[in-house]
Amino acid sequence: MAYKITAEECIACGACADGCPVEAISAGDAYSIDASKCIDCGACADTCPVGAPKAE
Ligand code: SF4
Ligand code: SF4
């Protein structure tokens with residue numbers, strides 16, 4: 001299990017990357033999550049203002 005950011009929804013604010021405990025989130029036009037690092041904590045989903053990270 002890992003979270004995945006829906007690129008079409010991401011406004012690239014960076015809040016999720018700042019809060020990820022394992023630095024699994026990379027910056028970009030839309031931010032993205034490295035599934036091999038994600039520990040499924042849900043912090044990014046809780047932090048995101050637009051609900052772009054979703055549990056897979
Ligand atoms: Fe990082 Fe947690 Fe989001 Fe996974 S669920 S990307 S570990 S903040
Ligand atoms: Fe994108 Fe949400 Fe992360 Fe901001 S918190 S960079 S909108 S996924």
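Guide: Helices (H or I, at least four residues) and strands (E, at least two) are DSSP runs, numbered from the N terminus. This is a predicted model, in which local features need pLDDT of at least 70, side-chain atom pairs count only at pLDDT 80 or more, and totals for chains, interfaces and linings use all residues. Residues are numbered from 1 along each chain as its sequence is written, chains are lettered from A and ligands numbered from 1 in the order in which they are written, and side-chain values use heavy atoms, with hydrogens and water left out.

Visitor: In which loop does Ala12 lie?

Guide: Ala12 is not a glycine, yet its phi is positive, at about 55 degrees. Most residues other than glycine have a negative phi. Ala12 is placed in the loop between S1 and H1.

Visitor: Which side chain meets that of Lys54 in a salt bridge?

Guide: The structure holds one salt bridge (a side-chain nitrogen of Lys or Arg within 4 Å of a carboxyl oxygen of Asp or Glu). Lys54 lies in strand S4 (residues 53–55) and its partner in the loop between strand S1 (3–5) and helix H1 (15–19), so the pair ties together parts that are 45 residues apart in sequence. At 3.0 Å, N to O, the partner of Lys54 is Glu9.

Visitor: Is Asp40 buried or exposed, or in between?

Guide: Buried means under 20% relative accessible area, exposed over 50%, and partly exposed in between (1.4 Å probe, protein chains only). Asp40 is found in the loop between strand S3 (32–33) and helix H2 (43–47). With a relative accessible area of 29%, Asp40 is partly exposed.
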